[in-house]
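Subject: The structure we talked about

Hi there,

Here is the structure I promised to pass on. Please open it alongside this note, and I will walk you through what turned up.

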Amino acid sequence: MKRTVNLGHQLFLSLKKGFFETALLDYSRPEPIRLNRGMLLVLALELSNHLRSIDDQRVGVALPPGAAGVLTNLAIFLTGKTPVNLNFTTGAGAASRSIEKARITTIVSADAVVRKFPDFPWTREVFDVGDW
């Protein structure tokens, strides 16, 4: 029998190798964020435990480029779900159509992003990565 392996599993195996090698450098903050492969994996596994309760197969992501976005996408893949990255700068109409077409009922974001884009068509369920 042929074994199928999903992307989350492949990412897990990849990050497990070279556990202490640098995987991510985020220069979007005054003090750059440096994460090695092991730390990225541990954080993503922890976040994925919180995201498993989301019932939908597709999960919206509305975060700016950087460590939080990478970590969130990785965590969603580790749950076996599909991240749908939403562009919160395209306007409410385009974003609303994307959310509807992808059948997204939960968006992962940050409180600062939600406050900065109040006209974005936020779903009833918004998971704040800053809370976990």
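Where is Phe19 found? Its place is the loop that runs between helix H1 (7-16) and strand E1 (22-26). Before going further, please keep in mind that this is a predicted model.

Phe19 has a relative accessibility of 34%, so it counts as partly exposed. Together with Phe20 and Val42, Phe19 makes a nonpolar surface patch of about 330 Å².

Ile54 sits in the loop between helix H2 (37-51) and strand E3 (58-61), while Lys81 belongs to the loop between helix H3 (67-78) and strand E4 (82-85). Ile54 has a relative accessible area of 10%, and because the cut-off for buried is under 20%, Ile54 is classed as buried. Setting aside residues up to four places away in sequence, Ile54 touches Val59, Lys81 and Thr106.

Lys81 may interest you when you look at charges. What is the nearest side chain of opposite charge to Lys81, and how far away is it? It is Asp55, at 6.5 Å. Lys81 is buried but has no salt bridge, because a salt bridge needs a side-chain nitrogen of Lys or Arg within 4 Å of a carboxyl oxygen of Asp or Glu. What the side chain of Lys81 does reach is the backbone oxygen of Ile54, at 2.7 Å. Leaving out neighbours within four places in sequence, the contacts of Lys81 are Leu51, Arg52, Ile54, Asp55, Asp56, Gln57, Val59 and Ile76. In it, the side chains of Asp111 and Arg115 meet at 2.9 Å, N to O. The two residues are 4 apart in helix H5 (residues 111-116), so about one helical turn separates them. Asp111 is partly exposed, at 38% relative accessibility, whereas Arg115 is exposed, at 58%.

Back in helix H2, have a look at Ser48. Is Ser48 buried or exposed? Its relative accessibility is 0%, so Ser48 counts as buried. Apart from neighbours within four places in sequence, Ser48 is in contact with Ala75, Leu78 and Thr79.

Two more residues are worth a glance. Arg103 lies in the loop between helix H4 (92-101) and strand E5 (106-109). Its phi is near 55 degrees, a positive value in a residue other than glycine. Arg103 is exposed, with a relative accessible area of 66%.

Gly130 is in the segment after strand E6 (125-128), and at 64% relative accessibility it counts as exposed. From C-alpha to C-alpha, Gly130 and Ser109 are 8.4 Å apart in space, and they are 21 residues apart in sequence.

Key: Residues are numbered from 1 along each chain as its sequence is written. This is a predicted model: local features need pLDDT of at least 70, side-chain atom pairs count only at pLDDT 80 or more; totals for chains, interfaces and linings use all residues. Side-chain values use heavy atoms; hydrogens and water are left out. Buried means under 20% relative accessible area, exposed over 50%, partly exposed in between (1.4 Å probe, protein chains only). Contact means heavy atoms within 4.5 Å. Lys and Arg count as positive and Asp and Glu as negative; His and the chain ends are not counted. A polar contact is a pair of N or O atoms within 3.5 Å; within protein, one must be able to donate a hydrogen and the other to accept it, and residues adjacent in sequence count only if both atoms are side-chain atoms. Patches are made of residues with over 30% relative accessible area and no salt bridge: like charges are joined within 9 Å, nonpolar side chains (Val, Leu, Ile, Met, Phe, Trp, Tyr) within 5 Å. Accessible areas come from the Shrake-Rupley method with a 1.4 Å probe; for residues, only the protein chains shown count as cover.
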